[in-house]
Amino acid sequence: MASSTVQPETPAARPQDEDVAERLLDSSAQLSYDPVTEVDWETPLDTGFHGASPEWSTLYGTRYWSELSEEQRRELTRQEAASVASTGIWFEMILQQMVLRDMYAKDPTDAKFQWALTEIADECRHSIMFARGAKKLRAPAYRPRRWAVELGRAFKTLAVGETAYAAILVAEEVLDVMQRDWMRDERVVPFVRTINNIHVVEESRHMKFARDETRERMRNAGRLRRQLSAFVIAVAAYVITTSMVSRDVYRNAGLDTERAMAERKHNEHHKSMMRSSCSGLMDFLASSRLLTRPALLFYKRAHLI
Ligand SMILES: [Fe+2]
Ligand SMILES: [Fe+2]
């Protein structure tokens with residue numbers, strides 16, 4: 001959705017770029033995981049555990065939450081974790097297509113090209129891991145709302161340059177903070193902690209690449225392009241973050257959907273969790289000149305700032 005497709009390559013930018021990609025490839029060679037063997041898929045689900053840190057539940061801190069039994073709370077966070085994983089799959093599919101399109105017919109001897117394919121391979125493994133994880137949490141298929149699915153379809157077909165890479169970064173940063181909490185939390189079921197641990201390690205490289213690409217592509221962006229990109233990225237961020245937890249989790253956890261949705265909407269605790277998890281991201285967007293006034297409106301509406 002951004003204007004140009006051909007990115008200018010300044011002579012100074014290229015070696016540094018190659019450098020980053022080389023380092024990421026080295027790091028990936030040293031520490032990557034195969035979820036098929038690393039995650040405990042065999043042990044049956046122990047319902048004595050949460051699926052996510054309770055503080056991350058969309059209902060934590062509400063009156064409804066205080067009325068739930070511990071068992072209901074655990075079932076809720078398990079459904080919420082499965083929903084976040086399913087949204088993760090949706091987003092990783094968008095991401096893989098955008099990165100693949102970006103690398104189309106580029107120089108395969110370039111470290112950056114090879115890193116991009118490595119990232120796609122990571123995401124492919126992640127999506128299978130999330131799919132198996134959600135199934136083990138006994139969750140049905142959670143899909144984003146219809147309009148979000150269609151918007152995503154357009155975005156993955158059209159987004160280029162900084163719009164693609166900054167949107168990738170938004171999704172990765174938001175997931176990163178919550179998953180860091182869940183992976184350390186002893187109340188969370190062990191196989192979910194392993195999944196989060198794998199994701200956090202491998203995504204830190206993806207975030208480095210996404211930040212780098214966003215910065216590089218913004219370097220020569222004019223005012224109009226910057227305004228347009230900032231706006232599209234903010235809309236993408238809004239759709240991604242508001243799609244994380246499906247409204248269907250409440251019914252599947254045996255709760256009253258209408259009441260849950262009403263209390264979730266006014267849950268100040270959850271909003272502040274989202275805001276604090278996005279502070280680093282907002283600093284980055286500001287430094288990349290992508291926090292324009294219209295963009296800010298969307299970040300505020302999504303409680304990211
Ligand atoms: Fe991933
Ligand atoms: Fe990623």
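How many helical turns separate D122 and R125 in helix 5? About one: the two are three residues apart in that helix. The views below come from a predicted model.

**View 1. D122 and R125 pair within helix 5.** The two side chains form a salt bridge, with the closest N and O atoms 2.7 Å apart. D122 is buried, at a relative accessible area of 2%. R125 is partly exposed, at 25%.

**View 2. Five residues coordinate the iron ion (ligand 1).** The donors are E92 (OE), E123 (OE), H126 (ND1), H199 (NE2) and E203 (OE), at 2.0 to 2.3 Å. Along the chain their spacing reads E-x30-E-x2-H-x72-H-x3-E. E92 sits in helix 4 (residues 70-103) and H126 in helix 5 (residues 111-136), so this pair ties together parts 34 residues apart in sequence. Both E92 and H126 are buried.

**View 3. E123 coordinates two iron ions.** The iron ion (ligand 1) and the iron ion (ligand 2) lie 3.8 Å apart.

**View 4. K112 and E213 form a salt bridge.** The closest N and O atoms are 2.9 Å apart. K112 belongs to helix 5 and E213 to helix 8 (residues 190-218), so the contact ties together parts 101 residues apart in sequence. K112 and E213 are both buried.

View 5. R153 is partly exposed at 43% relative accessible area, and E150 is partly exposed at 29%.

**View 6. Shared partners build a salt-bridge network.** D102, K106, K112, E213, E216 and R217 are joined into one network. The structure holds 24 salt bridges.

Key. Residues numbered from 1 in each chain as written. Chains lettered and ligands numbered in written order. Predicted model: local features only at pLDDT ≥ 70, side-chain atom pairs only at ≥ 80, totals over all residues. Heavy atoms only, no water. Donors = N, O, S within 2.8 Å, 3.2 Å for Na, K, Ca; no water. Helix = DSSP H or I, 4+ residues; strand = E, 2+ residues; numbered from the N terminus. Buried < 20%, exposed > 50% of the residue type's maximum accessible area, 1.4 Å probe, protein only. Salt bridge = Lys/Arg side-chain N within 4 Å of Asp/Glu carboxyl O.
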